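User: Please examine the charged side-chain pairs of the model shown here.

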Amino acid sequence: MSDTRNLFNRVWDNHVVRELASGQSQIFIGQHLIHEVTSPQAFQMLRDRGLKVMYPERTLATVDHIIPTEIQSRPFADGLAEEMMTAIEKNCDEFGITLLDLNDDRQGVVHIVGPELGVTQPGMTIACGDSHTSTHGAFGSIAMGIGTSQVAAVLASQTLPMSRPKVRRVEVNGELGPGVYAKDVVLYIIRKLGVQGGVGYAYEFAGTVFDAMTMEERMTVCNMSIEGGARCGYINPDQTTVDYIRGRPFAPQGAAFEKAAEYWLSLASGPDAQYDDVVVYDAADIEPTVTWGINPGQSVGVSEEIGSVDSFPEQEQAGVREALTFMELEEHQPIKGLKIDVAFVGSCTNGRISDLREAARVAEGHKVADHVRALIVPGSQQVRKQAEEEGLDKIFEEAGFQWRAAGCSMCLAMNPDKLSGRELCASSSNRNFKGRQGSPTGRTLLMSPAMVAAAAIAGEVVDVREVAAPVGV
Ligand code: SF4
(Lines give C-alpha, C1' and ligand atoms only; values in the text may rest on other atoms or scores of the structure.)
Protein backbone atom coordinates (compact mmCIF):
# COMPACT_ATOMS: atom_id res chain seq x y z
CA MET A 1 0.00 0.00 0.00
CA SER A 2 1.38 3.44 -0.87
CA ASP A 3 2.36 5.82 1.93
CA THR A 4 -0.08 8.73 1.72
CA ARG A 5 1.39 10.56 4.70
CA ASN A 6 2.52 14.12 4.13
CA LEU A 7 5.97 15.23 5.30
CA PHE A 8 4.66 16.53 8.60
CA ASN A 9 3.17 13.21 9.60
CA ARG A 10 6.22 11.25 8.44
CA VAL A 11 8.57 13.40 10.51
CA TRP A 12 6.19 13.35 13.48
CA ASP A 13 5.88 9.53 13.37
CA ASN A 14 9.68 9.23 13.24
CA HIS A 15 9.98 11.19 16.49
CA VAL A 16 7.28 9.65 18.67
CA VAL A 17 8.88 8.23 21.81
CA ARG A 18 5.57 6.99 23.20
CA GLU A 19 1.88 7.81 23.31
CA LEU A 20 0.83 9.42 26.60
CA ALA A 21 -2.30 8.73 28.63
CA SER A 22 -3.27 12.38 28.06
CA GLY A 23 -3.73 11.64 24.36
CA GLN A 24 -0.59 13.57 23.51
CA SER A 25 2.59 12.09 22.09
CA GLN A 26 5.98 12.40 23.68
CA ILE A 27 8.10 13.78 20.83
CA PHE A 28 11.87 13.58 20.63
CA ILE A 29 13.42 16.97 19.82
CA GLY A 30 16.37 16.56 17.51
CA GLN A 31 17.72 20.07 17.87
CA HIS A 32 17.21 22.63 20.59
CA LEU A 33 18.13 26.26 19.96
CA ILE A 34 18.36 28.65 22.89
CA HIS A 35 18.99 32.35 23.42
CA GLU A 36 19.49 34.69 26.35
CA VAL A 37 15.88 35.75 27.00
CA THR A 38 13.89 32.55 27.45
CA SER A 39 16.64 30.31 28.85
CA PRO A 40 17.73 31.73 32.26
CA GLN A 41 14.66 30.56 34.19
CA ALA A 42 14.77 27.21 32.39
CA PHE A 43 18.33 26.57 33.58
CA GLN A 44 17.30 27.63 37.07
CA MET A 45 14.50 25.02 36.97
CA LEU A 46 17.13 22.39 36.16
CA ARG A 47 19.34 23.55 39.03
CA ASP A 48 16.42 23.58 41.46
CA ARG A 49 15.72 19.95 40.63
CA GLY A 50 19.34 18.82 40.41
CA LEU A 51 19.00 17.91 36.70
CA LYS A 52 21.56 17.94 33.89
CA VAL A 53 21.07 18.85 30.24
CA MET A 54 20.35 15.49 28.64
CA TYR A 55 22.04 16.14 25.25
CA PRO A 56 24.22 19.27 25.38
CA GLU A 57 25.44 18.43 21.88
CA ARG A 58 21.85 18.77 20.59
CA THR A 59 21.57 22.26 22.07
CA LEU A 60 23.04 25.39 20.48
CA ALA A 61 22.96 28.82 22.09
CA THR A 62 23.26 32.28 20.59
CA VAL A 63 22.65 35.83 21.80
CA ASP A 64 20.38 38.11 19.82
CA HIS A 65 17.33 39.73 21.48
CA ILE A 66 19.09 42.07 23.91
CA ILE A 67 22.25 42.68 21.92
CA PRO A 68 22.92 46.38 21.28
CA THR A 69 23.65 46.85 17.58
CA GLU A 70 25.63 50.05 18.01
CA ILE A 71 27.80 50.03 21.14
CA GLN A 72 28.57 46.45 22.13
CA SER A 73 31.18 47.01 24.86
CA ARG A 74 30.58 45.21 28.15
CA PRO A 75 29.03 45.66 30.56
CA PHE A 76 26.02 46.70 28.48
CA ALA A 77 24.45 50.01 29.45
CA ASP A 78 21.19 48.17 30.20
CA GLY A 79 21.69 46.27 33.47
CA LEU A 80 19.01 43.70 32.68
CA ALA A 81 20.58 42.95 29.28
CA GLU A 82 23.96 42.51 30.96
CA GLU A 83 22.39 40.16 33.50
CA MET A 84 20.87 37.99 30.74
CA MET A 85 24.14 37.94 28.84
CA THR A 86 26.08 36.90 31.93
CA ALA A 87 23.48 34.25 32.74
CA ILE A 88 23.67 32.54 29.34
CA GLU A 89 27.48 32.59 29.44
CA LYS A 90 27.47 30.97 32.88
CA ASN A 91 24.72 28.47 32.02
CA CYS A 92 26.33 27.31 28.77
CA ASP A 93 29.66 26.96 30.49
CA GLU A 94 28.23 25.01 33.41
CA PHE A 95 26.01 22.70 31.31
CA GLY A 96 28.48 22.13 28.44
CA ILE A 97 26.55 23.92 25.66
CA THR A 98 28.15 25.66 22.67
CA LEU A 99 27.44 29.40 22.86
CA LEU A 100 27.81 31.73 19.90
CA ASP A 101 28.65 34.88 21.86
CA LEU A 102 29.64 38.31 20.60
CA ASN A 103 33.25 37.24 20.16
CA ASP A 104 32.19 34.38 17.90
CA ASP A 105 31.84 35.31 14.24
CA ARG A 106 28.98 32.80 13.94
CA GLN A 107 26.75 34.83 16.34
CA GLY A 108 23.45 36.22 15.13
CA VAL A 109 19.68 35.89 15.38
CA VAL A 110 18.84 32.33 16.35
CA HIS A 111 16.70 31.64 13.25
CA ILE A 112 19.38 33.01 10.96
CA VAL A 113 22.36 31.17 12.43
CA GLY A 114 20.75 27.71 12.65
CA PRO A 115 20.26 27.43 8.87
CA GLU A 116 23.42 29.37 8.07
CA LEU A 117 25.58 26.90 9.98
CA GLY A 118 23.82 23.80 8.65
CA VAL A 119 22.40 22.98 12.09
CA THR A 120 18.89 23.07 10.62
CA GLN A 121 18.27 20.01 8.45
CA PRO A 122 15.25 18.32 6.84
CA GLY A 123 13.35 15.73 8.82
CA MET A 124 14.37 17.15 12.18
CA THR A 125 12.23 18.23 15.07
CA ILE A 126 13.47 21.63 16.24
CA ALA A 127 12.37 23.63 19.27
CA CYS A 128 13.34 27.08 20.49
CA GLY A 129 11.92 29.50 23.03
CA ASP A 130 10.92 31.99 20.34
CA SER A 131 7.71 32.11 18.30
CA HIS A 132 9.46 32.41 14.96
CA THR A 133 11.12 29.01 15.22
CA SER A 134 8.76 28.11 12.39
CA THR A 135 11.48 29.60 10.12
CA HIS A 136 13.37 26.31 10.19
CA GLY A 137 10.41 24.53 8.58
CA ALA A 138 11.70 25.92 5.29
CA PHE A 139 14.00 22.88 5.26
CA GLY A 140 11.21 20.33 5.75
CA SER A 141 11.59 20.06 9.49
CA ILE A 142 8.96 20.33 12.23
CA ALA A 143 10.06 23.50 13.99
CA MET A 144 8.12 25.00 16.84
CA GLY A 145 8.34 27.88 19.24
CA ILE A 146 8.03 26.89 22.92
CA GLY A 147 7.68 28.61 26.30
CA THR A 148 10.22 28.78 29.10
CA SER A 149 8.94 25.75 31.04
CA GLN A 150 9.08 23.75 27.81
CA VAL A 151 12.65 24.95 27.28
CA ALA A 152 13.42 23.42 30.67
CA ALA A 153 11.67 20.18 29.67
CA VAL A 154 13.67 19.92 26.44
CA LEU A 155 16.94 20.68 28.24
CA ALA A 156 16.22 17.97 30.81
CA SER A 157 14.64 15.27 28.63
CA GLN A 158 15.10 16.25 24.96
CA THR A 159 11.39 15.55 24.54
CA LEU A 160 8.08 17.39 24.68
CA PRO A 161 4.51 16.22 25.16
CA MET A 162 2.62 17.43 22.10
CA SER A 163 -0.70 17.08 20.32
CA ARG A 164 -0.52 16.32 16.63
CA PRO A 165 -1.91 19.26 14.64
CA LYS A 166 -3.88 18.93 11.41
CA VAL A 167 -2.07 19.75 8.18
CA ARG A 168 -3.24 22.34 5.65
CA ARG A 169 -1.60 22.52 2.25
CA VAL A 170 -1.30 26.16 1.18
CA GLU A 171 -0.61 26.17 -2.54
CA VAL A 172 0.46 29.22 -4.50
CA ASN A 173 0.93 28.66 -8.20
CA GLY A 174 2.00 30.78 -11.12
CA GLU A 175 4.70 33.42 -11.30
CA LEU A 176 5.21 36.37 -9.01
CA GLY A 177 5.30 39.73 -10.66
CA PRO A 178 8.30 42.08 -10.47
CA GLY A 179 8.74 43.66 -7.05
CA VAL A 180 6.72 40.91 -5.34
CA TYR A 181 8.77 39.06 -2.75
CA ALA A 182 8.41 36.14 -0.35
CA LYS A 183 7.30 38.61 2.33
CA ASP A 184 4.40 39.73 0.13
CA VAL A 185 3.39 36.11 -0.46
CA VAL A 186 3.20 35.29 3.22
CA LEU A 187 1.44 38.55 4.12
CA TYR A 188 -1.10 37.76 1.38
CA ILE A 189 -1.67 34.25 2.77
CA ILE A 190 -2.17 35.60 6.30
CA ARG A 191 -4.57 38.23 5.01
CA LYS A 192 -6.58 35.56 3.19
CA LEU A 193 -6.64 32.92 5.95
CA GLY A 194 -6.62 35.29 8.93
CA VAL A 195 -4.35 35.51 11.94
CA GLN A 196 -6.36 32.77 13.64
CA GLY A 197 -6.87 30.73 10.46
CA GLY A 198 -3.99 28.41 11.17
CA VAL A 199 -4.88 27.56 14.77
CA GLY A 200 -4.63 23.78 15.18
CA TYR A 201 -2.75 23.39 11.90
CA ALA A 202 0.71 22.95 10.49
CA TYR A 203 1.00 24.70 7.12
CA GLU A 204 2.61 22.95 4.19
CA PHE A 205 3.55 25.64 1.64
CA ALA A 206 3.55 24.13 -1.82
CA GLY A 207 3.11 24.99 -5.47
CA THR A 208 5.26 26.47 -8.18
CA VAL A 209 5.90 29.74 -6.33
CA PHE A 210 7.60 27.98 -3.40
CA ASP A 211 9.33 25.50 -5.73
CA ALA A 212 11.00 28.46 -7.45
CA MET A 213 12.06 30.21 -4.24
CA THR A 214 15.56 30.21 -2.80
CA MET A 215 16.03 28.84 0.72
CA GLU A 216 16.24 32.38 2.09
CA GLU A 217 12.87 33.22 0.56
CA ARG A 218 11.38 29.99 1.90
CA MET A 219 12.64 30.94 5.37
CA THR A 220 10.86 34.29 5.15
CA VAL A 221 7.59 32.50 4.38
CA CYS A 222 7.89 29.84 7.08
CA ASN A 223 9.03 32.45 9.61
CA MET A 224 5.61 34.08 9.49
CA SER A 225 3.51 30.87 9.65
CA ILE A 226 3.03 31.60 13.31
CA GLU A 227 1.56 35.02 12.46
CA GLY A 228 -1.19 33.16 10.64
CA GLY A 229 -1.88 31.14 13.78
CA ALA A 230 -0.27 27.93 12.49
CA ARG A 231 1.71 25.80 14.96
CA CYS A 232 4.44 25.62 12.35
CA GLY A 233 5.00 25.84 8.61
CA TYR A 234 7.18 23.86 6.26
CA ILE A 235 8.25 23.35 2.67
CA ASN A 236 9.14 19.95 1.28
CA PRO A 237 12.88 19.43 0.82
CA ASP A 238 14.10 19.39 -2.78
CA GLN A 239 17.37 19.90 -4.65
CA THR A 240 17.37 23.60 -3.63
CA THR A 241 17.36 22.48 0.01
CA VAL A 242 20.13 19.94 -0.48
CA ASP A 243 22.30 22.42 -2.39
CA TYR A 244 21.89 25.03 0.36
CA ILE A 245 22.97 22.67 3.14
CA ARG A 246 25.91 21.08 1.32
CA GLY A 247 29.26 22.12 2.83
CA ARG A 248 27.86 23.99 5.84
CA PRO A 249 29.89 23.32 9.00
CA PHE A 250 27.28 21.46 11.07
CA ALA A 251 25.96 19.42 8.10
CA PRO A 252 27.10 15.88 7.42
CA GLN A 253 30.08 15.78 5.08
CA GLY A 254 31.20 13.51 2.22
CA ALA A 255 29.45 10.17 1.84
CA ALA A 256 27.39 10.85 4.96
CA PHE A 257 25.97 13.96 3.28
CA GLU A 258 24.91 12.02 0.16
CA LYS A 259 23.19 9.44 2.36
CA ALA A 260 21.48 12.14 4.40
CA ALA A 261 20.35 13.98 1.25
CA GLU A 262 18.73 10.81 -0.08
CA TYR A 263 16.85 10.42 3.21
CA TRP A 264 15.81 14.09 3.29
CA LEU A 265 14.34 13.94 -0.21
CA SER A 266 12.45 10.74 0.65
CA LEU A 267 10.50 12.61 3.35
CA ALA A 268 8.77 15.01 0.95
CA SER A 269 5.00 14.70 0.60
CA GLY A 270 4.22 12.63 -2.49
CA PRO A 271 1.50 13.23 -5.08
CA ASP A 272 -0.91 11.01 -3.09
CA ALA A 273 -0.28 12.77 0.22
CA GLN A 274 -3.40 13.44 2.28
CA TYR A 275 -4.24 16.73 3.99
CA ASP A 276 -6.89 17.94 6.39
CA ASP A 277 -7.41 21.01 4.21
CA VAL A 278 -6.09 22.48 0.96
CA VAL A 279 -6.25 26.09 -0.22
CA VAL A 280 -4.95 27.30 -3.57
CA TYR A 281 -3.96 30.84 -4.57
CA ASP A 282 -2.81 32.46 -7.78
CA ALA A 283 0.53 34.29 -7.70
CA ALA A 284 -0.82 36.85 -10.17
CA ASP A 285 -3.15 38.17 -7.44
CA ILE A 286 -0.27 39.17 -5.14
CA GLU A 287 1.28 42.63 -5.22
CA PRO A 288 3.72 44.37 -2.87
CA THR A 289 1.87 44.25 0.43
CA VAL A 290 1.83 46.58 3.44
CA THR A 291 0.13 46.12 6.79
CA TRP A 292 -2.01 49.01 7.95
CA GLY A 293 -3.21 47.60 11.27
CA ILE A 294 -2.08 46.01 14.51
CA ASN A 295 -1.84 42.40 13.41
CA PRO A 296 -0.10 40.95 10.34
CA GLY A 297 -3.41 39.96 8.75
CA GLN A 298 -4.48 43.61 8.46
CA SER A 299 -2.76 44.40 5.18
CA VAL A 300 -3.45 45.64 1.66
CA GLY A 301 -1.72 45.57 -1.68
CA VAL A 302 0.22 48.82 -2.07
CA SER A 303 -2.11 50.06 -4.80
CA GLU A 304 -5.20 49.44 -2.65
CA GLU A 305 -7.05 51.49 -0.10
CA ILE A 306 -7.78 50.33 3.43
CA GLY A 307 -11.31 48.92 3.30
CA SER A 308 -14.34 50.24 5.12
CA VAL A 309 -15.08 48.69 8.49
CA ASP A 310 -18.21 47.01 7.20
CA SER A 311 -16.29 45.32 4.38
CA PHE A 312 -14.76 43.04 7.05
CA PRO A 313 -16.55 40.03 8.58
CA GLU A 314 -18.63 41.10 11.57
CA GLN A 315 -16.40 39.35 14.10
CA GLU A 316 -13.38 41.36 12.87
CA GLN A 317 -14.99 44.79 12.80
CA ALA A 318 -14.21 45.80 16.40
CA GLY A 319 -10.57 44.90 15.80
CA VAL A 320 -10.53 46.91 12.57
CA ARG A 321 -11.92 49.97 14.39
CA GLU A 322 -9.33 49.58 17.13
CA ALA A 323 -6.54 49.29 14.54
CA LEU A 324 -7.67 52.34 12.57
CA THR A 325 -7.80 54.42 15.75
CA PHE A 326 -4.41 53.27 16.98
CA MET A 327 -2.75 53.75 13.60
CA GLU A 328 -4.52 57.11 13.03
CA LEU A 329 -5.86 55.88 9.70
CA GLU A 330 -9.24 56.14 8.07
CA GLU A 331 -11.50 53.89 6.08
CA HIS A 332 -10.77 54.11 2.33
CA GLN A 333 -7.40 55.75 2.94
CA PRO A 334 -4.76 54.68 0.38
CA ILE A 335 -1.73 53.10 2.03
CA LYS A 336 0.53 54.77 -0.51
CA GLY A 337 1.68 58.22 0.53
CA LEU A 338 1.66 57.52 4.27
CA LYS A 339 4.53 59.49 5.80
CA ILE A 340 7.00 57.39 7.80
CA ASP A 341 9.48 58.38 10.53
CA VAL A 342 11.66 55.28 10.78
CA ALA A 343 12.77 52.53 8.38
CA PHE A 344 14.09 49.19 9.62
CA VAL A 345 15.55 46.39 7.53
CA GLY A 346 16.47 43.38 9.62
CA SER A 347 15.05 40.56 11.83
CA CYS A 348 14.84 36.81 11.35
CA THR A 349 12.19 37.39 8.69
CA ASN A 350 14.22 39.62 6.41
CA GLY A 351 17.75 40.09 7.76
CA ARG A 352 19.54 37.74 5.34
CA ILE A 353 22.02 38.62 2.62
CA SER A 354 19.44 38.44 -0.18
CA ASP A 355 17.24 40.90 1.76
CA LEU A 356 20.12 43.32 2.17
CA ARG A 357 21.00 43.00 -1.51
CA GLU A 358 17.45 43.91 -2.54
CA ALA A 359 17.32 46.86 -0.15
CA ALA A 360 20.73 48.07 -1.37
CA ARG A 361 19.67 47.83 -5.00
CA VAL A 362 16.74 50.13 -4.26
CA ALA A 363 18.84 52.49 -2.10
CA GLU A 364 21.86 52.79 -4.37
CA GLY A 365 22.45 56.33 -5.59
CA HIS A 366 19.61 57.78 -3.49
CA LYS A 367 19.37 59.54 -0.13
CA VAL A 368 17.21 58.69 2.86
CA ALA A 369 14.58 61.42 3.33
CA ASP A 370 15.66 64.07 5.85
CA HIS A 371 12.94 63.27 8.35
CA VAL A 372 13.56 59.48 8.34
CA ARG A 373 15.82 57.51 10.69
CA ALA A 374 16.86 54.39 8.76
CA LEU A 375 18.60 51.28 10.14
CA ILE A 376 20.04 48.27 8.37
CA VAL A 377 20.66 45.42 10.81
CA PRO A 378 22.17 42.21 9.43
CA GLY A 379 20.72 39.03 10.91
CA SER A 380 24.12 37.58 11.75
CA GLN A 381 27.80 38.42 11.83
CA GLN A 382 28.23 36.26 8.73
CA VAL A 383 25.55 38.20 6.87
CA ARG A 384 27.24 41.44 7.93
CA LYS A 385 30.64 40.20 6.73
CA GLN A 386 29.23 39.03 3.40
CA ALA A 387 27.42 42.34 2.88
CA GLU A 388 30.64 44.25 3.60
CA GLU A 389 32.55 42.09 1.14
CA GLU A 390 29.97 43.03 -1.48
CA GLY A 391 30.15 46.74 -0.57
CA LEU A 392 26.52 46.91 0.54
CA ASP A 393 27.48 48.72 3.75
CA LYS A 394 28.95 51.55 1.67
CA ILE A 395 25.83 51.80 -0.47
CA PHE A 396 23.68 52.05 2.63
CA GLU A 397 25.92 54.53 4.42
CA GLU A 398 26.23 56.76 1.38
CA ALA A 399 22.45 56.77 1.15
CA GLY A 400 22.15 57.79 4.81
CA PHE A 401 21.19 54.47 6.42
CA GLN A 402 22.84 53.44 9.69
CA TRP A 403 24.87 50.22 9.30
CA ARG A 404 24.62 48.15 12.45
CA ALA A 405 25.91 44.97 14.10
CA ALA A 406 23.87 41.73 14.10
CA GLY A 407 20.90 41.28 16.42
CA CYS A 408 17.12 41.36 16.70
CA SER A 409 17.25 45.15 16.99
CA MET A 410 13.97 46.92 16.35
CA CYS A 411 12.01 43.73 15.65
CA LEU A 412 11.04 43.73 19.30
CA ALA A 413 13.23 46.44 20.83
CA MET A 414 14.51 44.57 23.90
CA ASN A 415 17.70 46.54 23.19
CA PRO A 416 18.45 50.22 22.59
CA ASP A 417 16.90 50.21 19.06
CA LYS A 418 13.38 51.48 19.70
CA LEU A 419 10.66 53.70 18.29
CA SER A 420 9.83 56.72 20.36
CA GLY A 421 6.39 58.19 20.87
CA ARG A 422 4.00 57.85 17.92
CA GLU A 423 6.71 57.21 15.34
CA LEU A 424 5.58 55.26 12.29
CA CYS A 425 8.05 52.62 11.13
CA ALA A 426 8.33 50.88 7.76
CA SER A 427 9.68 47.55 8.95
CA SER A 428 10.82 44.28 7.40
CA SER A 429 10.10 42.42 10.66
CA ASN A 430 7.19 40.13 11.39
CA ARG A 431 4.93 41.70 14.03
CA ASN A 432 3.02 44.96 14.05
CA PHE A 433 1.39 44.51 17.46
CA LYS A 434 0.91 47.64 19.56
CA GLY A 435 4.17 48.46 21.34
CA ARG A 436 6.18 45.76 19.54
CA GLN A 437 8.94 48.14 18.48
CA GLY A 438 9.60 49.59 21.90
CA SER A 439 7.21 52.51 22.23
CA PRO A 440 3.74 51.68 23.59
CA THR A 441 2.27 54.11 21.07
CA GLY A 442 4.71 53.44 18.21
CA ARG A 443 3.24 52.21 14.95
CA THR A 444 4.53 49.58 12.53
CA LEU A 445 3.93 48.95 8.84
CA LEU A 446 5.23 45.53 7.76
CA MET A 447 6.57 45.18 4.23
CA SER A 448 9.43 43.66 2.21
CA PRO A 449 13.00 45.00 2.58
CA ALA A 450 12.83 46.53 -0.91
CA MET A 451 9.65 48.36 0.05
CA VAL A 452 11.26 49.56 3.32
CA ALA A 453 14.25 50.94 1.41
CA ALA A 454 11.95 52.67 -1.06
CA ALA A 455 9.91 54.17 1.79
CA ALA A 456 13.09 55.38 3.54
CA ILE A 457 14.12 57.30 0.46
CA ALA A 458 10.70 58.70 -0.42
CA GLY A 459 9.90 59.43 3.24
CA GLU A 460 6.53 57.75 2.73
CA VAL A 461 5.02 54.46 1.62
CA VAL A 462 5.60 54.04 -2.10
CA ASP A 463 5.24 51.24 -4.61
CA VAL A 464 8.74 49.86 -5.11
CA ARG A 465 7.78 48.94 -8.68
CA GLU A 466 7.42 52.64 -9.47
CA VAL A 467 10.70 53.83 -7.93
CA ALA A 468 13.14 51.03 -8.79
CA ALA A 469 13.39 48.22 -11.26
CA PRO A 470 12.80 45.34 -8.89
CA VAL A 471 14.05 41.90 -9.68
CA GLY A 472 11.25 40.17 -7.81
CA VAL A 473 11.50 36.67 -6.41
S1 SF4 B 1 14.28 38.93 15.06
FE2 SF4 B 1 12.35 39.23 16.14
S3 SF4 B 1 11.12 37.42 15.80
FE4 SF4 B 1 13.23 36.96 15.20
S5 SF4 B 1 14.14 35.98 16.97
FE6 SF4 B 1 14.58 38.16 17.13
S7 SF4 B 1 12.87 39.04 18.30
FE8 SF4 B 1 12.25 36.99 17.66
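Predicted model: local features only at pLDDT ≥ 70, side-chain atom pairs only at ≥ 80, totals over all residues.

Residues are numbered from 1 along each chain as its sequence is written, and side-chain values use heavy atoms, with hydrogens and water left out.

User: How many salt bridges does the count come to?

Analyst: Side chains of opposite charge can pair when their charged atoms come close. Here a salt bridge is a side-chain nitrogen of Lys or Arg within 4 Å of a carboxyl oxygen of Asp or Glu. By this rule the count is 30.

User: Which residue forms a salt bridge with Arg 168?

Analyst: Arg 168 is buried at 7% relative accessible area (buried is under 20%, exposed over 50%, partly exposed in between, with a 1.4 Å probe and protein chains only). The closest N and O atoms of the pair are 2.7 Å apart. The partner of Arg 168 is Asp 277.

User: How many residues apart are Arg 168 and Asp 277?

Analyst: Arg 168 belongs to strand E9 (residues 166–173) and Asp 277 to strand E12 (residues 277–282); strands (E, at least two residues) and helices (H or I, at least four) are DSSP runs numbered from the N terminus. The pair links distant parts of the chain, with a separation of 109 residues.

User: Is Asp 104, which meets Arg 106 in a salt bridge, buried or exposed?

Analyst: The N to O distance between Asp 104 and Arg 106 is 2.9 Å. Arg 106 is partly exposed at 26%. With a relative accessible area of 15%, Asp 104 is buried.
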